[in-house]
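Me: I'm new to this one. Can you put it up and take me through some local details?

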Amino acid sequence: IIANDGQILDVVFYSATIRPAPTVIVLHDIEDNRDLWIPFAQKLRTSGYNVAIPTLRRTPENLSDAYWQQLQADINSIIENIFAINNISTGTTVMIGSGSGANLGIIGCSNLPSCVAVIAISPQNNIQNLDFTNSILAFQGRSMMLVSADDDTIGTTTAETLNNQLSGDH
């Protein structure tokens with residue numbers, strides 16, 4: 001997929017067996033890679049979803065606001081391209097992310113009218129220039145699932161904070 005700045009984006013895409021279908025965008029943590037998600041994506045596909053797993057752009061030494069904005073634009077480009085393929089998508093999107101990918105999913109979903117839900121695994125509250133505080137207001141009428149492990153202090157604290165800020169189905 002070609003991004004808005006001309007960069008070629010590396011995306012693994014699994015088309016649902018019955019189409020059109022909702023689309024799930026899976027976002028890895030910037031310290032990981034997409035390969036961890038491939039078995040999960042294959043299960044989602046057989047459950048009736050299109051699944052896209054982008055390889056996020058290489059992480060610069062300075063996590064600038066411009067870097068995160070470009071990743072958000074990349075996510076939008078991916079969704080636009082999937083929606084443009086005839087008879088692939090229903091126009092409904094769900095985002096699943098872990099770590100910084102959870103934060104990207106929250107922000108991305110809040111900016112995307114087609115996104116109906118986000119699953120945030122171990123969301124992070126301390127990522128420079130990737131603050132999702134303003135995005136919470138856009139979640140009216142959308143669903144959010146917050147996941148963290150008992151031994152994940154940052155993810156659990158952030159999930160508890162988000163839980164207290166959200167109303168509705170979450």
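Reply: Here is a short tour of a few residues. This is a predicted model, where local features need pLDDT of at least 70, side-chain atom pairs count only at pLDDT 80 or more, and totals for chains, interfaces and linings use all residues. Residues are numbered from 1 along each chain as its sequence is written, and side-chain values use heavy atoms, with hydrogens and water left out.

Me: How many disulfides does the count come to?

Reply: One, taking a disulfide as a pair of cysteine sulfur atoms within 2.5 Å. Cys 109 is joined to Cys 115, S to S 2.1 Å. The link is left-handed, with -100° about the S-S bond.

Me: Are Cys 109 and Cys 115 buried or exposed?

Reply: Cys 109 is buried, at 0% relative accessible area. Cys 115 is buried too, at 2%. Buried means under 20% relative accessible area, exposed over 50%, partly exposed in between (1.4 Å probe, protein chains only).

Me: New topic. Where is Ser 77?

Reply: In helix 2, residues 65–84. Helices (H or I, at least four residues) and strands (E, at least two) are DSSP runs, numbered from the N terminus. Ser 77 is buried, at 7%.

Me: And what does Ser 77 touch?

Reply: Ile 1, Ile 2, Ala 3, Asn 4 and Leu 9, leaving aside residues up to four places away in sequence. Contact means heavy atoms within 4.5 Å.

Me: Which residues does a cis peptide bond join?

Reply: Arg 19 and Pro 20, with omega about 0°. Pro 20 sits in the loop between strand 1 (11–14) and strand 2 (21–27). Most peptide bonds are trans.
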